[in-house]
Number of protein chains: 2
Amino acid sequence: MNETIERILAHRTVRDFENRPLSPGQIETIVRSAQAASTSSFVQAYSIIGVTDPEKKRELSKISRNQAFVADNGHFFVFCADLHRHAVIGEMEGKDVTASLESTEKFMVGVIDAALAAQNAALAAEAMGLGICYVGGLRNDLEKVRDLLKIPDKVLPLFGLAVGYPTCINDQKPRLPLEHVYHENEYQQDEAVYKVQLEQYNQEIADYYVARTGGERSDTWTSQMANMLAQPQRMYMHDFVERQGMNKH
Amino acid sequence: MNETIERILAHRTVRDFENRPLSPGQIETIVRSAQAASTSSFVQAYSIIGVTDPEKKRELSKISRNQAFVADNGHFFVFCADLHRHAVIGEMEGKDVTASLESTEKFMVGVIDAALAAQNAALAAEAMGLGICYVGGLRNDLEKVRDLLKIPDKVLPLFGLAVGYPTCINDQKPRLPLEHVYHENEYQQDEAVYKVQLEQYNQEIADYYVARTGGERSDTWTSQMANMLAQPQRMYMHDFVERQGMNKH
């Protein structure tokens, strides 16, 4: 097994960082790594905003339900799906690109491009001995994020990536059984098999929580998921994305 | 610079593979690497379908505008945003999760989760000396992909990932200038600066094509993008995603 794969498999989320900023060289390597990812038809439909202003970081932390590490870290990146650049290009080249840019297809392209870039950034950071945590909590209030970072039309902030020197290392959470996530030649149709796999995984997750909390917590994965999903979250998103000029038709 | 970062920065797309299948061990390492990626609130909202059936691979190749490497490779993975599992969980746990699963927010979560997993898979493959190419061309006809791979409601195939032993190595395409993609504290507002950056990049891309084609091709990036985007593609996507029970509200 080589270093890269070992690193990928050893990933743990870090939510506690030293008060020590990344160097410009580290930031550049992370961004260049993000840019090296594949991009759909060469569109490069994403942007990255590095946030260093302490006031802005505090605001982003508040939006993310007061998670301290959103303000306190080595560097904070915001990954955005970005079709604004292509709107400018349409003007430059005198072509009408509106229908394309407003389509669900191109919205998906922007989200996928941004996520591929982000995962390269995350791995590059980890390869430098840094820890990372994705921050979906920014989506609690994208209107505020947009105003704070002066984000134009046809750009959608998707998530943050907090990076820094870890002060403690978390356990690795067990993932779904491989055969539950990976299917061959067709999607696994047998609901009974599917449910047995989920029950086995539930036992594994319950054991994990018991061991980690000294018995205080023993919830299963399916109960965790069902409780979370029974309360719809961020239901403003559909309209907000449309107002940003994306995912319209 | 360490091995992982060197590998990330050295990424090149490979579209020509030896006729030599990946071993079960290689496939397992790639899928486990995908699973090790971060996932939003632990939802693990994706599935991966490995396609080995030669007839199905030929069909997928046709859908992707007859790109030969979609049929001829070491292994072909299809990455899907997957909320079907969570619909089953809602039933198991007696909770109504419909509004959540149909939301644009959870659609985005599925797309992001699948893309993060895919990029880990791509890097793991490259770390084993294999080449990769993402195949967005599957989105030319997702209805056919869905029927071919027996994909249920609330699952959306996003792209393929062809993996295999490379027979030739492509050049690396220059990326947008770092300062065009990476902004600090706020989105770059100065359209004039923005356009100068694009013009500089245009020159770089034109030079790249001239060098690569012995002068036969010298198009700029902005002309390439504008021509592509002036012809809206895959405009069925909005309705198709809704019919799959996602991105509805």
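In the predicted model, A:Trp221, A:Thr222, A:Ser223, A:Met225, A:Ala226 and A:Leu229 of helix α11(A) are in contact with B:Arg85, B:His86, B:Ile89, B:Met92 and B:Glu93 of helix α5(B), where contact means heavy atoms within 4.5 Å. Helices (H or I, at least four residues) are DSSP runs numbered from the N terminus. By class, the residues of this contact comprise six nonpolar, three polar and two charged; Ala, Val, Leu, Ile, Met, Phe, Trp, Tyr, Cys and Pro count as nonpolar, Asp, Glu, Lys and Arg as charged, and the others, Gly among them, as polar. Helix α11 (residues 221-230) of chain A packs against α5(B) at an angle of about 95°, with the axes 9 Å apart. Axes are lines fitted to C-alpha atoms, for helices over the stretch in contact, and angles run from 0 to 180 degrees between N-to-C directions. The two helices are therefore roughly perpendicular, a term applied to angles of 65 to 115 degrees, whereas angles under 35 count as roughly parallel, those over 145 as roughly antiparallel and the rest as oblique.

Residues are numbered from 1 along each chain as its sequence is written, and chains are lettered from A and ligands numbered from 1 in the order in which they are written. As the model is predicted, local features need pLDDT of at least 70 and side-chain atom pairs count only at pLDDT 80 or more, while totals for chains, interfaces and linings use all residues; side-chain values use heavy atoms, with hydrogens and water left out.

Helix α5 (residues 84-93) of chain A and helix α11 (residues 221-229) of chain B likewise pack at about 95°, with their axes 9 Å apart. This makes α5(A) roughly perpendicular to α11(B). Here A:Arg85, A:His86, A:Ile89, A:Met92 and A:Glu93 meet a set of α11(B) residues including B:Trp221 and B:Leu229.

A further contact of α5(B) involves helix α10 (residues 191-213) of chain A; the two axes come within 11 Å and cross at roughly 80°. The helices α10(A) and α5(B) are thus roughly perpendicular.

Over the whole interface, 125 residues from chain A and 125 residues from chain B take part in the contact. The area buried between the chains is about 10,600 Å², with carbon and sulfur atoms giving 63% of this area; buried area is the accessible area (1.4 Å probe) that two parts lose on being put together, summed over both. A:Phe42, A:Asn185 and A:Tyr187 supply 8% of the area that chain A buries against chain B, more than any other three residues.

Eight salt bridges are counted between chain A and chain B, each defined as a side-chain nitrogen of Lys or Arg within 4 Å of a carboxyl oxygen of Asp or Glu. One salt bridge joins the side chains of A:Arg234 and B:Glu105 (2.8 Å, N to O). Over all chains, the structure holds 32 salt bridges.
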